[in-house]
Amino acid sequence: MCGIAGILLPQPDADRAALTRRATAMAETLRHRGPDGDGVWTDDAAGVALAHRRLSIIDLSPAGAQPMVSAAGHLVISFNGEIYNFRDLRDALARDGIVPRGGSDTAVLIEAIDHWGLEGALSRANGMFALAVWDRTARTLTLARDRLGQKPLYYGLAGTALLFGSELKALRSDPAFCRDVAPQMMAPFMRYGMIPAPHTIHPQAWKLPPGTTLTVTAADLAARRLPEPAAYWSAERCAAAGLADPWPDGETAATDALDALLRDAVAGCMVADVPLGAFLSGGIDSSTVVALMQAQSMRPVRTFSIGFTEAGYNEAAYAKAVAEHLGTDHTELYLSPADAQAVIPDLPHIYDEPFADSSQIPTYLVSRMAREQVTVCLSGDGGDETFGGYNRYLWSRSIARACRFAPQPVRRTLRRLLTAVPPQRWNAVAALLPHGLRQAQAGDKIHKLAEIIDAASPEDVYVRLVSQWHEPLAALRTGSAASTLLAEPGRWPDTGHDRVQQTMLLDMLSYLPDDILVKLDRASMAVSLEARVPLLDHRLTEFAWRLPRRFKIRNGKGKWILREVLRRYVPDALIDRPKMGFGVPIDRWLRNDLRDWAEHLLDPQRLEEGGLFDAPAVRAVWQAHLSGARNVQYRLWPVLMFEAWRTAAAVNDRPAEGGR
């Protein structure tokens, strides 16, 4: 795992030293991603520079250093990530008489690209990655990103020069880069708590979408145009292929096949020349990953979990029970509110552009704890989107039916009745239910459900389910919103008449790469920890889309087939429990310990001076939260995170227009 950065100029730059300094400065902002080494390769005659920060994982010798030149000398690569099947690729190259120099996966990959071409190499590669390849013969710079977006890659314009980097801060470090805020991105950010690809918060920067490549020449830059990214793989095509070729056999055969695929995916993620462990929350996904790790390890796997003293937010006891059954070397840390709150001032720098998923806090804390013992950690992310684990997959179907049979005025009345009861009272009622029927944070879930039941259409149901602000423009002074996939149902992928499968695919296209994987990458890399996600092995994704929905969601529970695999390794008592999520009690903290911090960021004069928020609208939400009548932390957190980021990033406040 590393950090990459670089520059391509529209005209050759004879000042090699200046070009090197510029690329070095970009890479220096990524030191946390690669503290073990650095390198810059420049070709001043071509006006190109590639930079690299190294976190040594495989082949710790100097032979693994980057940027790396191919054996033939005409390709140069700067690579971030891991190719899990690099040994298989090396064997395939050897059969064709090609022997990579060095033992790293990068050395194998660059020769694979030289031999099979970029798309041919990527189609054979199994891994997570973001890379830049300079072809010295064709004088082309090609950027590429892994299939599901596990590793980030940003690119943008600084004047007429192209910049790229693993994080947006690398681009922002260049003096010629425009640091203005794109006002049309505020509404999507307020709605989703993240900025959907390919957009960023800046008008002249973009995220390379998952599964795509982008090839740029100096002539493109001289003509002031950038080509569109080209897809070599897409989740949408993967789903369509799977739905067209459904699994032909029964449940037992499917469970056997999934068990074998999972074992192989986990085994590939366990290859490292440094200490390795796993995050363990006690949920289905992380428990499955750890169970398969331990089943293939000769020694106890190191596992890590954090706990909170607040009721309804602590999963550490479940994780400990799973660890004891599997016999892992388990470390847990119980955190006080002060421990978690101490991280908040660092979030704008860690996440680099406005990002407002409050589980970013525990994700960072567990990464920091794990890094004290290991350099690589496996994560259970991806299971919900692949195997139907989110509650919204169940809710969307039920609410969509209600939309058909109950008039909207009736549903609006029900919404008012449900939200009239404060969340704390609903929690008290839920506590009286039998243990198996209780839900963590029941009051918040009831309020969330209430805000959806009067949706106008099934499409509106999904958008509301993933929204933090349902009407973000009401809190903004900007009058327009950028076009995004979720805002345009006409662009949604077709899954036949299966709304649940469509919802899962939309999550895989947007929520997974733009929220879940951003959160994991930034939190882990902030402490120089490599996080690997075996459940996002593309072979698993392709297999899962062939499965009937009943193999995923059954009897009111998601991830049915994943649970069946896990039952082979742990007892039912450790599997059958309500889904909790990975959160912290931001709602309580904002009323107490974080109140002064929030008051400063939500100061009316400050909001007015920023020029983006409607101060009275935001203050009304803040006062409603402080009263305790509503828990609207999900509306407040985007505002707070944006204001904290605006200060930390020292961006220009004036509105900016522009684009590709």
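Gln633 sits in helix H28; helices here are DSSP runs of H or I with at least four residues, strands are E runs of at least two, and both are numbered from the N terminus. This is a predicted model, in which local features need pLDDT of at least 70, side-chain atom pairs count only at pLDDT 80 or more, and totals for chains, interfaces and linings use all residues. Residues are numbered from 1 along each chain as its sequence is written, and side-chain values use heavy atoms, with hydrogens and water left out. Gln633 counts as buried because its relative accessibility is 3% (buried means under 20% relative accessible area, exposed over 50%, and partly exposed in between, with a 1.4 Å probe and protein chains only). Setting aside neighbours within four places in sequence, Gln633 is in contact with Asp444, Val584, Ile586, Asp587, Leu590 and His625, where contact means heavy atoms within 4.5 Å.

How do helices H27 and H28 pack? Helix H27 (residues 615-627) and helix H28 (residues 633-649) have axes 10 Å apart and an angle of about 130°; the axes are lines fitted to C-alpha atoms, for helices over the stretch in contact, and the angles run from 0 to 180 degrees between N-to-C directions. H27 and H28 are therefore oblique to each other (under 35 degrees is roughly parallel, over 145 roughly antiparallel, 65 to 115 roughly perpendicular, and the rest oblique). The crossing of H27 and H28 is left-handed, a label used if the near helix is turned anticlockwise from the far one by less than a right angle, with right-handed used if clockwise. Val618, Val621, Trp622 and His625 of H27 make the contact with Gln633, Arg635, Leu636 and Val639 of H28. These residues of the H27 and H28 contact divide into five nonpolar, two polar and one charged (Ala, Val, Leu, Ile, Met, Phe, Trp, Tyr, Cys and Pro count as nonpolar, Asp, Glu, Lys and Arg as charged, and the others, Gly among them, as polar).

Arg591 lies in helix H24 (residues 586-591). Is Arg591 buried or exposed? Arg591 is buried, as its relative accessible area is 18%.

Arg591 and His625 are 34 residues apart in sequence, and their C-alpha atoms are 7.8 Å apart in space. Beyond its neighbours within four places in sequence, Arg591 is in contact with Gln424, His625, Leu626, Gly628, Arg630 and Asn631.

## H16 against H21

Another helix pair to inspect is H16 (residues 391-405) with H21 (residues 499-525), whose axes come within 9 Å and cross at roughly 135°. H16 and H21 are therefore oblique to each other, and their crossing is right-handed. On the H16 side the contact is made by Arg392, Tyr393, Ser396 and Arg397, and on the H21 side by Val500, Thr503, Met504, Asp507 and Tyr511. The residues of this contact divide into four nonpolar, two polar and three charged.

## Ser166 in its loop

Ser166 belongs to the loop between strand S9 (161-165) and helix H5 (168-172). Ser166 is buried, with a relative accessible area of 0%. Which backbone atom does the side chain of Ser166 reach? The side chain of Ser166 reaches the backbone nitrogen of Ile4 at 2.9 Å. Not counting residues up to four places away in sequence, Ser166 touches Cys2, Gly3, Ile4, Leu30, Arg33, Asn80, Pro152, Tyr154 and Arg522.

## Backbone details to look at

Most residues other than glycine have a negative phi, and most peptide bonds are trans. Ser528, which is not a glycine, has a positive phi of about 60°. Ser528 is in the loop between H21 and strand S18 (530-532) and is buried at 11% relative accessible area. Lys559, also not a glycine, has a positive phi of about 55°. Lys559 is in the loop between helix H22 (538-544) and helix H23 (560-566), and is buried at 5% relative accessible area.

A cis peptide bond joins Gln66 and Pro67, with omega about -5°; Pro67 is in the loop between strand S3 (48-54) and strand S4 (68-69). A cis peptide bond also joins Ala197 and Pro198, with omega about 10°, and Pro198 is in the loop between helix H6 (186-192) and strand S11 (205-207).

Methods
A polar contact is a pair of N or O atoms within 3.5 Å; within protein, one must be able to donate a hydrogen and the other to accept it, and residues adjacent in sequence count only if both atoms are side-chain atoms.
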